[in-house]
Structure formats: structure tokens, C-alpha cells
Amino acid sequence: FHVADRCCTSFKRYYCSMKILTVNREPSRGQGRDYATIEEALTAAEEGDTIELADGKYEEVITITVPGITIRASKSGKAEVCSHKGENSLSVITVDADEVALSGLKIKGSGAMQTNEEPVPAVLVLAQDVELIDCVIYGSSTIGLKTYEMNTRVISCSIRVGNSAIIVEGNSASIRVDRCGIHSTFDTGIWLKGASTSDIIETGVDNCGHTSIWIDAAPCTLKEVNVKNSQNNGIVLDWPKSEPISENDYLLLSQLGHSLENVTVEKCKGNGLYVLPGVRVVCTDCEFSNNGSAGAFFQGPEDEDKEEEALMKKRAKNCVGSVICKSKMKKNALYGVESESGLVELIGRFELDNNKKGDVNENVVNPAKRARSAPPGKTQPQSKSKPRNKNKTSICVIATATTRFKLSTLQRLCLQLNRSGLQLVL
């Protein structure tokens, strides 16, 4: 066991802290203090220290440049950090040092606009291995959190802001959102732009003014995610905007793809799930119900812009095809599953009921009768589709220095590919 190992970051922060520096704006309340402001404590802090904030409001804009420190509230949610009037054009907290943790804080964004007309984020992360734990981020017209770096973790946080709650940018950036609540944003709830593999786990995203979760990034995992009441689509899986992309990125997106497991999308005004050409997704035990368009919609490559159409056809040509396994599609305004490309296959027992235009359209592989659940005690009807080739096609993944896999991720990918008659070769 090595404390220096990055996987033991939390152990180091909570049990190996060198010293605790207390901050209290009003020591008369009975709590002692070492410093009157967070800035003073940061100046005195060394790597591994903990800065503990007493109850109260701290009108400061802070930049953290000391690695390995923790800033925490003595009582969760009772210490609020916000900008004062003279500094509302900056992020309230900028993290520019690795292995920093923010815990139990209440953070109010300024809502100011940058020169590019994008709102200033309440928390800006410019370093690696940063954690936000049990924090509340809010503000009328602000971005909650924006990160450009690897391994940002947002755990048990509540974000209620007037713009996007979380934005991840950069090909080396990644995030894990775990047990969080994203509420009442007027834009996209979580937007992953060109990021490397990310995870969204046991998180609720609701009442977003645009799409709840928009991913134009490397393959991501969504597990036990609940999306509802979006003013547009529930989840969008798009192609990264930066062109050209590497051959390895093509393989990751079009042949390995995103994983959705136990994801529920309901009562969105657009499609529950919207998938762009060339992007592969495997949905298992998901539900897309009561949405204003299709439960799951897979766009075809046709486009008015001929260059864009040619690009989308190239992507679609390399795509293995998406798989929806053991899921529910009910009471959607159009189809339960609709595909313009034909690169979608239904596997296992389904509940496809009361979709106004039909359960599936003609481009979805396997007839709708196979997708319907068989009555108890009866055998599931056999598909009349052509049998798969017994000789499995191999997919070769070229691993680079920036490609990171967990063992569980590889196991899941192998299982998903085997279901589609493919095998994974590394």
C-alpha cells in the first residue's frame, strides 16, 4: 500500500494532512480561527494541508495554486463562498494545482459574461485529480463547473444554475459525476466536448432548458442515470466537433461506442435519446418513455450541406451499429425506436407499448414482434433475420499513450461486442 499512489488521494487528504488551518470571519460566534480570509490561509498553506471554514459567507475570489490541499466547511453547506462586486468577472474558485479537494462548500457564481459572451463558471478547474465532494453550486446565469483536465470528480454535489451545470472541454479532459443532482438549468445540463472517456453514475438531471446530457466526446459510460423534463432532447450522442480526428478515435466511437445501463429518460420535449451518424451506443436495461418525439432516434447521414453529408456517410460506413438490449420504450409521441440508417439492433425482451407512430420503424434490425415480451410460460418468438456469421469479425484497437482503459471497461466491451457477433483484439 503506497500513500503516494494517486488511487489513494482521498486517504492522503483526510488522514495524512500536515496541519489544519481554520478560517473564521466572525470569531465572536464562538469558533476560533487562525486566519480571517481564505486567501490568507492559502498563502500560509503547504502541500497536504486542510483549510477549514467556519460558518458564514466569504466574499472572495480565490485561486488555488498549492497542490494536495483540501478546503472544507466545518459544517457541510454552512460556509458560502461568493465573489464581491468588484471581482464578479472572475470564477469564484479557480483550481490551478493538482490533487485539490473542495468539500461541503456552498458556491455562488457571479453570472458575469466573458469576452466571448460565455458566462463565467463558478468553479474553473485547470489541474488534474480535482474533487468536489458534497458541494452546492448555484447562480442565476452562471456555468456551474468547467474543467479542461483529467480526472475531475464530482461526488454527491447539487448544481442549480442558470446556464450549463457542467462543461468538460479538451481531448485530454475527463470527469466522473457520481450521485449528483443537476436541476433547473436554462441550457445543457452536462456537456462533454471532445473529452476522453468519462462516467456519469447514479445522477439525476432534470428541468433543463436545452438537452439534459450532450456528449460529443470519446466513449462514455452512463449508469443509473435519470433524465426528465428536458425542453429539448434527453441525451444526445454526437461526433466530436474537432476535425480531422485520429483513426483511433474513429474506432473508439464507431466500433466500441458509448454504454448506457439502467438509464431512464422521460417527459422530454424532444427525443429521449438522439444518436448522430457514425456513433455507436449499447443500451442495456434502459427506459425511454413519454417523450415528445421518439424514444430513441438514430439520425441518417442525409444533409443539405453536401460536405457534411459526405463526412457523415464516412462515419456511418465505419460504424458497427448500435444495440438496444432489454429496454422499455413506452408512450412516446413518435416511434419507440426510429432509425434513418438501419444500424440498430434490438436484443432480448422488450416492452414496446403505446408509441403513437409505432413501436419501431422499418430500418430497425429485427421485427417488432421479436422485441415484444413473450407471455409468461411461452417461448420468445424467433427472429426471421439472417443468422450471424459464425466467423466473428475482429476489431483491432490501437492503444496510444492517451488511451486509458479499466479492466471492467474491457470486460464490458467484450461482452457487448460478442452479442453483436464481434470480438475485441488489443
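The model is predicted, with local features needing pLDDT of at least 70 and side-chain atom pairs counting only at pLDDT 80 or more, while totals for chains, interfaces and linings use all residues. Residues are numbered from 1 along each chain as its sequence is written, and side-chain values use heavy atoms, with hydrogens and water left out.

The protein has six helices and 39 strands, taken as DSSP runs numbered from the N terminus (helices H or I, at least four residues; strands E, at least two). Of its 426 residues, 54% are buried, where buried means under 20% relative accessible area, exposed over 50% and partly exposed in between, with a 1.4 Å probe and protein chains only.

Turning to the rings, the structure holds two aromatic pairs. Rings of Phe, Tyr and Trp (its six-membered ring) pair if their centres lie within 6.5 Å; planes under 30 degrees apart count as stacked, over 60 as edge-to-face and the rest as tilted. W191 and W214 form a tilted pair, 6.4 Å centre to centre with 50° between the planes. This pair joins strand β19 (residues 190–193), which holds W191, to strand β22 (residues 213–216), which holds W214, 23 residues apart. W191 is partly exposed, at 24% relative accessible area.

The rings of Y274 and F297 have centres 5.2 Å apart and planes at 55°, so this pair is tilted. Y274 lies in strand β28 (residues 273–275) and F297 in strand β31 (residues 296–298), 23 residues apart. Y274 is buried, with a relative accessible area of 19%, and F297 is buried with 9%.
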